[in-house]
Amino acid sequence: MISVSNVTMRYGSKLLFEDVSVSFTDDRRYGLTGPNGAGKSTFMKVLTGEIDAQKGSVVRPRKLGVLKQDQYAFDAYRVIDTVIMGNTALWAALEERERLYEKAELTDEDGSRLGELEGVVGDEDGYEAEANAAVLLQGLDIADELHERRMSELQGGQKVRVLLAQALFGNPQALLLDEPTNYLDLESIHWLQDFLNRYSGTVITISHDRHFLNNVCTHIADIDYETIITYNGGYDDMVLQKTSIRTRIESQNEQREKKIAQLNDFIARFSAGTRSSQVNSRKKEVERLATSELARSNIARPFIRFDMLRPSGKNVLDFELVNKAYPQPDGKTEQVIKNFSASVMRGDKVILMGRNGQGKTTLLKALLANGPGIEETDVSIDSGTVKWGHEAQIGYFAQDHKNSIPHGTTAAEWLHGFDPQATKEDIRGILGQMLFRGEEGNKKTEALSGGEAARLLFCKIMLQKPNILVLDEPTNHLDLESINALNQAIQKYEGTVFLVTHDQDLIEEAGTRIWHFEGGPADFHITDHKGPYEEYQQQLALVAK
């Protein structure tokens, strides 16, 4: 169990939460929610002990599994060792034991110490450590041949999965996971969900994946109103309870205010007359009925709406026998896309899904090779044909989206360049829709956070009003409110969409067609299902029977 007593945290002059007391008990899984800037990561750091609370105290168990955020901290270590480091007591014993065995001669004291260390290794299941670590890595799609490599040899998404395995290793009594689904593909997310649902300790997780929170969490600890309130159930349950409580208090206050107004009217009319006893009783009633002061919610919801200047032709995109390969460090080339052909019609909302590294981004970039108005680098094909239809206008959100915004200008100036006819009020309005308030539109582009850069790119797309959206992992830096707004905007959009995402709600609710990347190097293929995800799942279930 983790217990928090009277904890207060400020960030500069901003109060994040005050005098918070809450307990996180065993066999419960808590989602820590709240908008960007509410203090979720700060509270998580207080729980892990990375930072001290400005006021109050935290009681935590001896064994704590924490998802580290620094991808480069373990670059010098083997992948398998990085996972084992999740059990700090075991890793310290293994390191000390190795140092002793490296000695030319052992003293009696060394021998005694080795016996103690062997006891620690045994108690911590150290003799099965590599096998147990390998099972975690396999579940998170880290191939066996990578286990002996250095962390520095892995890609960013692979490093994140190794650090997740590190947090899960060694049977910790509590798991503290900050954005564990970032950079995980859907299969890895499902594996993690199953693991956490079987886990018997305390889980506290920050996530912007609504589906994940609904499937994993037994409780939601919501940071809002400068405090933390715990609700039963998953994220959707919390929203309903929170809305209901807020609505009830507002309704009660409205009724009280009406009653207070009537009493004050009586007091004003008769205070100078002979009915002083009645006036005094009315004054006491006013004091008793004083409305509950409602703290202001810090939730900010963006408004995303994708319009089109004009529709595209009926045939949006035709491509035939597209191939794309990339050179490898060993001098060979790896064929990523092999002879893929398809035709996309106006209004199709295509979801590109599959495991990481199977070529979803590569295919998007291949299809953009002849895209009108596309100035991105690294968009090309090796062979095949790509033909965009009549009046095609593309709005592109790249996975490495921060590189799409040049430095040396402000958010407003950069945005204005895409529509020189737009007035300052137009630019300010669209920035306001995406939560750039007041002078925030004058922020230098190099100072933008990942979430701000993502929101600015959506401003650009809304300003351009394209009839085709090409969105590559657009949710990675968005909070839940922004992801929900994006989901609704895509569903209402009348144009054509190509979307790479691992967000299951987006896949299920926004897509009308599935391109599923599957198989290994020998049998790789892309399944083109002309229908929604639910229908595709039913089809797969029938095949499995």
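Predicted model: local features only at pLDDT ≥ 70, side-chain atom pairs only at ≥ 80, totals over all residues.
Sixteen residues line it, and Thr181, Asn182, Asp209, Thr475 and Asn476 are the closest to its centre.

How many cavities of 30 Å³ or more turn up in the whole structure? The search finds three. Rolling a probe the size of a water molecule over the atoms shows where empty space is left. On a 1 Å grid over the protein atoms alone, a cavity is a set of points where a 1.4 Å probe fits but cannot get out, and lining residues have an atom within 4 Å of a point. Points are joined across faces, edges and corners, and the volume is the space filled by probe spheres set on them.

## The chain as a whole

Stepping back, the chain has 17 helices and 18 strands. These are DSSP runs numbered from the N terminus: H or I with at least four residues for helices, E with at least two for strands. The C-alpha trace spans about 100 × 80 × 55 Å along its principal axes.

Of the 545 residues, 49% count as buried, meaning under 20% relative accessible area with a 1.4 Å probe and protein chains only. Among contacts (heavy atoms within 4.5 Å) with a separation of 6 or more, 68% are between residues 24 or more positions apart.

## Rings that meet

Now for the aromatics: the whole structure holds 14 aromatic pairs. Rings of Phe, Tyr and Trp (its six-membered ring) pair if their centres lie within 6.5 Å; planes under 30 degrees apart are stacked, over 60 edge-to-face, and the rest tilted. Phe319 and Phe340 make a tilted pair, 5.4 Å centre to centre with 55 degrees between the planes. This pair links distant parts of the chain, since Phe319 sits in strand β10 (residues 315-327) and Phe340 in strand β11 (residues 333-345), 21 residues apart. Phe319 counts as buried because its relative accessibility is 3%, and Phe340 is buried too, at 7%.

Phe517 and Phe524 are also tilted, at 6.2 Å and 50 degrees. Phe517 is buried at 1% relative accessibility, and Phe524 is buried at 15%. Ring pairs also join Phe319, Phe340, Trp388, Phe498 and Trp515 into a cluster. Elsewhere, Arg455 lies over the face of Phe436, 4.9 Å from the ring centre; the test asks for NZ of Lys or CZ of Arg within 6 Å of the centre and within 35 degrees of the ring normal.

## Two residues to look up

Pro180 is in the loop between β6 (174-178) and α7 (186-198). Is Pro180 buried or exposed? Pro180 is buried, because its relative accessible area is 1%. Beyond neighbours within four places in sequence, Pro180 contacts Leu67, Leu164, Leu192, Thr205, Ile206 and Phe212.

Ser3 belongs to strand β1 (residues 2-11) and counts as buried at 18% relative accessibility. Leaving out residues up to four places away in sequence, Ser3 touches Val22, Ser23, Ser57, Val58 and Val59.

## Reading the numbers

Residues are numbered from 1 along each chain as its sequence is written, and side-chain values use heavy atoms, with hydrogens and water left out. Local features need pLDDT of at least 70 and side-chain atom pairs count only at pLDDT 80 or more, while totals for chains, interfaces and linings use all residues.

Definitions and conventions. Buried < 20%, exposed > 50% of the residue type's maximum accessible area, 1.4 Å probe, protein only. 1 Å grid on protein atoms, 1.4 Å probe; cavity = no way out; pocket = protein on both sides within 12 Å on 5 of 7 lines; lining within 4 Å.
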